[in-house]
Every structure is written in structure tokens, then in C-alpha cells.
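User: I am new to this structure. Please take a close look at one part for me, then connect it to the rest.

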Amino acid sequence: MTTAQAQRIAAKHHPRRIALFGGSFDPIHSGHLAVARAADRRFNFDEIHFVPASRPPHKLKQHLAPFPHRFAMVALALTEHPHFVPSVAEAGEDFSGAQLHYSVDTVRYFRHAYHGHGDRIYFIVGADAFLDIPMWKEYEALLGLCDFIVANRPGIRAEALRLVIPPELMGRDGKRKDSEAVHESSVVAHLYRTSVYLLENVASEVSATDIRRRAHRGQSIHGLVTSRVEEYILKQGLYR
Ligand code: ATP
């Protein structure tokens, strides 16, 4: 590529806002989709990548549905959303999802893939998961690699979220100079290069644990997952 070509491409490039939403998605449910839609309304993403976790390090002991099933359900749940993307970032080379992946590496992978001028990566996470972040690999580095959008969950207070961020990582004094189109009142913290935002009023009681329990007991899961996902769970006999 010549310098002129590169400059033309750079001039045309509009900065993209890319969100990553990771989870075990066992199965993906209406709570996840409500969070993604609310985040999308507020931050206006170009793409939201739903990343089914390989084997989440904190859920090693828990039995998880095989990766291909969890991925299939994510793909089925996203069909109506043109810029919601099912991601195989943690599938591994053989697509088995058997290998352990860490969020910090996944974020680095996306930063490498989206490195255009002004592109920004956001990590969507539930408040319960954010409270566990000190257990994550290289979490201090991770907090500096991308912005976080924390969806509140019943019973978790905003102040608790701030407490898990090491004070020495806090950067600016709450004033952002760039033109973020987000309301300052929902900023949990500004770090040196990144920010942690709180997404309020999205908390729902839906959890994957409850859905698995219901399916196991033969109870209806109608309305808790999309109809395609419900059909898939029934056809594959998952969670029985
Ligand atoms: P499980 O019940 O198996 O622990 P889960 O319902 O919490 O699962 P995960 O796949 O572990 O679902 O969640 C992925 C992410 O979505 C996590 O960050 C989690 O906090 C968040 N999340 C899940 N359900 C909700 C909900 N109802 N409201 C807000 N955030 C949620």
C-alpha cells in the first residue's frame, strides 16, 4: 500500500465503537439481550460481539454445556440484530472451546483487530462479574485496555463497584476532555485512559442458573430465552 492510499483510508475511517460481551451464555437469555440493547442505545455501537467463554476460569468446577451448543444458542438469539455478532474469539483453533481463555487476552485480540484511528473497545459486564474482577488475570492491565460498561444487578450498589478499582489506577478527576456522548452521572470511575460506566435500570431477575433449573424440572422457559433458543434447547434436550 502506498502512503497516499493509507492516508486516504485513514481519512475515510470513522472511529468505531466496538463492544465485547463475554459470558458463559449457558444459555443466552433475555437478561443478556436487555443489557446489550440498553448499552447499545446509550453508546451507539457499531458492533457488539457476544463472546461465549471457553471455560470461564471462575466456573471451572461447574458443568457447562459444550461450547458448540452455547455458541449455537448465541447465534440463534442474535439473528434479528444486524450488528450483534456471535464471536468465536474464545473457540480455540479446533473450535472446541476446550482451551482456557482469559478476558485480557481476548480484549488484546480485539484491540489488535480494531486498531483504526479513534476506534474504542468497550467491555460489557454484569455488576456481579465486575465485583469479581480482582480475580481475573492481569486485571489491572485489563482495566486500562478498554472501557467497561457495568450492568447493575439486583442488590449491588454503585459504590461497591468503585471499591474494586485500585486507587492508584484512578486517573482523571471526573472530567473527560473528549466528546463522550454519555452522561457523567453514570460514570463509576475515570482511569488514566479508560472509564468505567454504570448502566442502570437494566437489572432483571433472569439468570441462566434459573433457566437450567427450570429446563431440568421440565418447566417452561418460554419468554426467558428467544423462541429460537427455546426450540434449540428442546430439540437438543439440553439441561434435562
Ligand atoms: P449463571 O446463572 O450461569 O451464573 P448468568 O445468567 O449470570 O449465568 P452469564 O453468561 O454468566 O449469565 O453472564 C454473562 C454476563 O452477563 C455476566 O457479566 C453477567 O453478570 C451478566 N448478566 C447475566 N444476567 C444478567 C441480568 N439479568 N442482568 C444484568 N446482567 C446480567
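Which side chain meets that of Lys 235 in a salt bridge, and what is the N to O distance?

Analyst: This is a predicted model. The partner of Lys 235 is Glu 231, and their side chains meet at 2.7 Å, N to O. Both residues sit in helix H9, which spans residues 227–236. They are four residues apart, so about one helical turn separates them. Now look at how open each one is. Glu 231 is partly exposed, because its relative accessibility of 39% falls between the cut-offs of 20% and 50%. Lys 235 has 63%, so this residue counts as exposed. Elsewhere, salt bridges with shared partners join four residues into one network: Asp 105, Arg 108, Lys 137 and Glu 138.

The model holds 11 salt bridges in total. Another of them joins Arg 16 and Asp 119, with N and O 3.0 Å apart. Arg 16 lies in the loop between helix H1 (3–12) and S1, and Asp 119 in the loop between H4 and S4, so this bridge ties together parts 103 residues apart in sequence. Arg 16 is partly exposed, with a relative accessible area of 25%. Asp 119 is at 14%, so this residue counts as buried.

Next comes a bridge between Arg 153 and Asp 128, where the closest N and O atoms are 3.1 Å apart. This pair also links distant parts of the chain, here 25 residues apart. Arg 153 lies in the loop between strand S5 (147–151) and helix H7 (158–163), while Asp 128 belongs to helix H5. Arg 153 has a relative accessible area of 28%, so this arginine is partly exposed. Asp 128 is partly exposed too, at 33%.

Asp 128 leads us to the ligand. The shell around the ligand has 22 residues, and Asp 128 is among the closest, with Phe 25, Gly 126, Ala 208 and Thr 209. By class, the shell contains seven nonpolar, 11 polar and four charged residues. Polar contacts can be named as well. The backbone of Ser 24 places a polar atom 3.1 Å from a ligand oxygen. The side chain of Ser 204 has an N or O atom 3.0 Å from a ligand nitrogen. At Val 206, a polar backbone atom is 3.0 Å from a ligand nitrogen. On its own the ligand has 600 Å² of accessible area, and the protein covers 91% of that. Which elements give two or more residues to the shell? They are strands S1 (17–23) and S4 (120–126), plus helices H2 (30–43), H5 (127–131) and H8 (208–217).

Phe 25 deserves a separate look. This residue lies in the loop between S1 and H2. At 2% relative accessibility, Phe 25 counts as buried. Its phi is positive, about 45 degrees, although the residue is not a glycine. Most residues other than glycine have a negative phi, and most peptide bonds are trans. Pro 27 is in the loop between S1 and H2 as well. The peptide bond from Asp 26 to Pro 27 is cis, with omega near 0 degrees. Phe 95 also has a positive phi, about 60 degrees, without being a glycine. Its place is the loop between strand S3 (84–86) and helix H4 (103–113). Phe 95 is exposed, at 51% relative accessibility.

Phe 25 also belongs to an aromatic cluster with Phe 21, Phe 50 and Phe 84. Aromatic pairs number 14 in this model. One of them is Phe 45 with Tyr 122, an edge-to-face pair with centres 5.2 Å apart and planes at 65 degrees. Phe 45 lies in the loop between H2 and strand S2 (47–52), whereas Tyr 122 is in strand S4, 77 residues apart. Phe 110 and Tyr 114 have ring centres 6.4 Å apart and planes at 10 degrees, so theirs is a stacked pair. Phe 110 is buried, with a relative accessible area of 3%. Tyr 114 is buried at 15%.

Back to where we began. Glu 231 and Lys 235 form a bridge inside helix H9. The bridge of Arg 16 and Asp 119, by contrast, ties together parts 103 residues apart.

Key. Residues are numbered from 1 along each chain as its sequence is written. This is a predicted model: local features need pLDDT of at least 70, side-chain atom pairs count only at pLDDT 80 or more; totals for chains, interfaces and linings use all residues. Side-chain values use heavy atoms; hydrogens and water are left out. A residue is near a molecule or strand if one of its heavy atoms lies within 4 Å of it. A polar contact is a pair of N or O atoms within 3.5 Å; within protein, one must be able to donate a hydrogen and the other to accept it, and residues adjacent in sequence count only if both atoms are side-chain atoms. Accessible areas come from the Shrake-Rupley method with a 1.4 Å probe; for residues, only the protein chains shown count as cover. Ala, Val, Leu, Ile, Met, Phe, Trp, Tyr, Cys and Pro count as nonpolar, Asp, Glu, Lys and Arg as charged, and the others, Gly among them, as polar. Rings of Phe, Tyr and Trp (its six-membered ring) pair if their centres lie within 6.5 Å; planes under 30 degrees apart count as stacked, over 60 as edge-to-face and the rest as tilted. Buried means under 20% relative accessible area, exposed over 50%, partly exposed in between (1.4 Å probe, protein chains only).
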